[in-house]
Amino acid sequence: APAPASAPPEAEPPLPPTPEQQRYLAAVQALEARGGAYAAALSQELFGLGVAYQAAGRHAEAVDSLSRAAHITRINQGLYATADLPILERLIESYAALGEWDGVGSSYQQMFQIHRRNYGEQDERLLPALQRLSGWHIKAYLADIGQDPLNHLEAARNLYVSSLGILRARAAPTDPRLAETLRERAIVDY
């Protein structure tokens, strides 16, 4: 006789919200009732809710809240609003905690695009975004993330070359950032 089918494992019930999360959830509901699903003030409350979820280790829920906050920011302020940067930073944290590397990579790329669109190709304010994105690509290469990890290495090198171009055009030859970026590019090259 065949073995009796076992019952599928029951999903764990969702955790109840903490008092802090509950305050944010109530604020979100109130704002939606007054201003609709895309009210500009929702972005800040959803960001706070996402941070509260992160603090509790509830990264999947954090990604949901933070993604919605970013969406509302883009609707109200445009695709390349600098107001999206702190949201993207937090999304990167939660995506990494969940091991969702595509989400990490796309969030880093969006951060870079916001910096580039707001500051231009040769502005020194682009350097931190170039450094963070190249650092991500190095980590992704070392962790063997993606179908072809060598693409990460090539992307990191290209980003270091862009950083060097900015530094050579804008910084003094004795600027320590120049030496550091040259060192980082040399590591990638070898």
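The following exercises, each with a worked solution, concern a predicted model.

In this predicted model, local features need pLDDT of at least 70 and side-chain atom pairs count only at pLDDT 80 or more, while totals for chains, interfaces and linings use all residues. Residues are numbered from 1 along each chain as its sequence is written, and side-chain values use heavy atoms, with hydrogens and water left out.

**Exercise 1. Describe the place and the contacts of H59.**

Step 1. H59 lies in helix α3, residues 59–77; helices are DSSP runs of H or I with at least four residues, numbered from the N terminus.

Step 2. H59 has a relative accessible area of 19%. Buried means under 20%, exposed over 50%, and partly exposed in between, with a 1.4 Å probe and protein chains only. H59 is therefore buried.

Step 3. Contact means heavy atoms within 4.5 Å. With neighbours within four places in sequence left aside, H59 is in contact with Q54, S94, A97 and L98.

Step 4. The side chains of H59 and S94 are also joined by a polar contact of 2.9 Å. Such a contact is a pair of N or O atoms within 3.5 Å; within protein, one must be able to donate a hydrogen and the other to accept it, and residues adjacent in sequence count only if both atoms are side-chain atoms.

**Exercise 2. Determine whether S65 is buried or exposed, and list what S65 touches.**

Step 1. S65 is found in helix α3.

Step 2. The relative accessibility of S65 is 7%, so this residue counts as buried.

Step 3. Residues up to four places away in sequence are not counted; S65 then touches L46, L49, G50 and Y53.

**Exercise 3. Identify the aromatic pairs and the cluster of W101, Y108 and W136.**

Step 1. Rings of Phe, Tyr and Trp (its six-membered ring) pair if their centres lie within 6.5 Å; planes under 30 degrees apart count as stacked, over 60 as edge-to-face and the rest as tilted. The count by this rule is two aromatic pairs.

Step 2. W101 and W136 are stacked, at 6.2 Å centre to centre with 25 degrees between the planes. This pair links W101 in helix α5 with W136 in helix α6, 35 residues apart.

Step 3. Y108 and W136 are stacked as well, at 6.0 Å centre to centre and 20 degrees between the planes. Here 28 residues separate Y108 in helix α5 from W136 in helix α6.

Step 4. Both Y108 and W136 are buried, whereas W101 is partly exposed at 36% relative accessibility.

Step 5. W101, Y108 and W136 form one aromatic cluster.

Definitions and conventions. Helix = DSSP H or I, 4+ residues; strand = E, 2+ residues; numbered from the N terminus.
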